[in-house]
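Q: Hi! Could you walk me through a structure with me asking quick questions as we go?
A: Happy to, go ahead.

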Amino acid sequence: MRREDVLISAEALERQREIRRQVMEHNARLPVQPLALVDTYGCQQNEADSEQIRGMLSEMGYGFTEDEQEADVIVINTCAVREHAEMRVLGNVGHLTHTKRNKPSQIICLCGCAMQEPHMAEKIKKSFRHVDLVFGPHVLWKFSELLCQVMDQKKRVFETPDSPGVIAEGLPVVHKGKLKAWVSIMYGCNNFCTYCIVPYVRGRERSRAPELILDEVRQLATEGYKDITLLGQNVNSYGKDLGLDMDFADLLEQVNAIPGDFLIRFMTSHPKDASQKLFETMARCEKVAPHLHLPVQAGSDRVLKAMNRHYDRAAYLDEIRRLRALIPDIVLTSDIIVGFPGETTEEFEETLSLLEQVRYDALFTFIYSPREGTPAAKLPDPMSREEKNRNFQRLVDLQNRISAEKHAAYVGKTLRVLVDGENDDGRHTLTARTDGGRLVHLNGDAALIGTWQQAKITGSTTWALFGELVLD
C-alpha cells in the first residue's frame, strides 16, 4: 500500500473535529448532559479503539455511565476471533431491545472486528432491527459523522467498507484510569494464519510514524502513567512499510530512552519475526518488562505448517533458549489452539511435551473455532468435540500444575510491584503486578495505588501470588 493512501488527510480529520464541536454545542444546550456507554469485547487493540471512541464521545459532550437503562448512546465494540465472543455479543445486543423499548431515543451502535464480517453485519441488519449504527474498524475515525447521520436522518447506518486499512492520527482518547495506557504502534496483519480472521477484518500491516508514537509515550509519561503497552497484531513487523531504517527493536530502545518512571510492555510478537536483536534490546533496556507473550499455537510441526505459522518446533524452542540465556527470569506466556482441523491425539501430545519443555508461566488456551472465510474452516475435521474437550482439559491441567510450581518459586522473594487497584476478595485490600505481570494480592492503604512498592511474597496459588508490603 502507498503511504499516501494509508494516512487519513488533515482536512478529513478536521472535518470530524468540526462535527464534534457542533454536537458539543448542541449537547451543552440540553437541560441534562447525555450519557454514553462503551462496552468492549476482545483484545487489547479493541480496548485501545474503545478509548478513542470514548474520546470522541467526550469531545461531543457526552458523559459516561455503566447503566444501559440510562445511556443515550450505547457502543458495543465486538470481537471476531472466536465464535463464543460473537455469540456473547449477539446475546447482549438482543437484551438491549428492552432498554430501547423503555428509551426509544437511545442509539445503539455496533463496531469492531465482528462487524467487518459480511455475514455478521447482514445478521444485524436483518435480525436486530433495534441496532441503529454498524461500522467496521476502517471507519472508526468517522464515528462522529456516522453517529450524526443516525441522529439527523433518523435511519439506520451501516458502514463496513472492504479496505486494506488506514491510519488516522490525532483522535482524542479517554483512558481508563491514570495508571495504565495502550499505545497502538501499528495496525493490521500480513500473516494470514489459516485459522485467523484478523487480516480480513483489520487489513494489511501499516505502521505509525515513530515520532508520533514517541510523542504519545512522552505525553503519557509526563502525565504519570506507569504501565504503557505498545500494541500491534505483530509488533515485530513494525517499520517494514515505512521506508525507514528502523524496526521494532529500534523503536523499543527509543521508547526506553524517554524520561520517566514507567514500565514498557508490548503485545503481540509473532515467533517467525522474534529476532535476536529484539531479545538483546529487551535485556539491555531497563524499562522493558521482563515478559514476552510469544504465541506458539501448537507443538506439532505438521499442525504448525497447516496453520501457516512459518516456523517449526525446533526454531521456536531455540528462540526460547536464546531469550532465557539473556533474561533468565523472563516471564513467558503463550496462546495454544486445541483441536485444529486434522490434529490427531498424537500431535496434541506434542503440544503437551512442548509445555513441559518451555514451562510457561501462563497460557491462553482455546478450542479451535472455525471462522467463516478462512482456509482452515474448509479443512476436514474428524476429531469429535468430546475428544477435543478431553484434550483441552488435559492441557489446562498440565499448565495449571506448571503455573502453580512457577508461582511457588516466588515465595520468600522480595519483588518490585506496581500497586494498581483495590481488591474485592475481602481478605486483601490491594492488587499489584510484578514487572513480569504476575498478580499479587496485598494488604495496605488505598493511597498506595499508583506507586511502586517492594513486596515480600508469602504465598501462591495457580493464578496469583500473595505478599506483604516491605515499607521503609
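What follows is a short chat about this structure, which is a predicted model.

Q: Now pockets. What volume does the second largest pocket have?
A: About 580 Å³. The lining of this pocket has 26 residues, with His26, Tyr62, Ile107, Met151 and Lys154 nearest the centre.

Q: Which helices supply at least two residues each to that lining?
A: Helix 2 (10-28) and helix 6 (143-153) both do. By type, the lining of the second largest pocket has 12 nonpolar, six polar and eight charged residues.

Q: Switching to helix 9, residues 248-256. Which of its residues are buried?
A: Phe248, Ala249, Leu251, Leu252, Val255 and Asn256. They sit on the same side of helix 9, because they cover an arc of only 160° around the axis.

Q: What happens at the start of helix 9?
A: There, Asp247 has a side-chain oxygen that comes within 3.2 Å of the backbone nitrogen of Ala249.

Q: New topic: Ser403. Buried or exposed?
A: Ser403 has a relative accessible area of 4%, so it counts as buried. This serine is part of helix 14 (residues 385-408).

Q: What is Ser403 in contact with, leaving aside neighbours within four places in sequence?
A: Its partners are Tyr360, Asp361, Ala362 and Thr462.

Q: And Lys178, where does that one lie?
A: Lys178 is in the loop that runs between strand 6 (157-159) and strand 7 (180-184). Its relative accessibility is 65%, so Lys178 is classed as exposed.

Q: Which residues is Lys178 in contact with, again leaving aside those within four places in sequence?
A: Gly224 and Tyr225. As for Asp420, that residue is 242 residues from Lys178 along the chain, and the two C-alpha atoms are 9.9 Å apart.

Methods. Residues are numbered from 1 along each chain as its sequence is written. This is a predicted model: local features need pLDDT of at least 70, side-chain atom pairs count only at pLDDT 80 or more; totals for chains, interfaces and linings use all residues. Side-chain values use heavy atoms; hydrogens and water are left out. On a 1 Å grid over the protein atoms alone, a cavity is a set of points where a 1.4 Å probe fits but cannot get out, and a pocket is an open set with protein on both sides within 12 Å along at least five of seven lines; lining residues have an atom within 4 Å of a point. Grid points are joined across faces, edges and corners, and a volume is the space filled by probe spheres set on the points. Helices (H or I, at least four residues) and strands (E, at least two) are DSSP runs, numbered from the N terminus. Ala, Val, Leu, Ile, Met, Phe, Trp, Tyr, Cys and Pro count as nonpolar, Asp, Glu, Lys and Arg as charged, and the others, Gly among them, as polar. Buried means under 20% relative accessible area, exposed over 50%, partly exposed in between (1.4 Å probe, protein chains only). Contact means heavy atoms within 4.5 Å. The arc is that of the directions from the helix axis to the C-beta atoms. A polar contact is a pair of N or O atoms within 3.5 Å; within protein, one must be able to donate a hydrogen and the other to accept it, and residues adjacent in sequence count only if both atoms are side-chain atoms.
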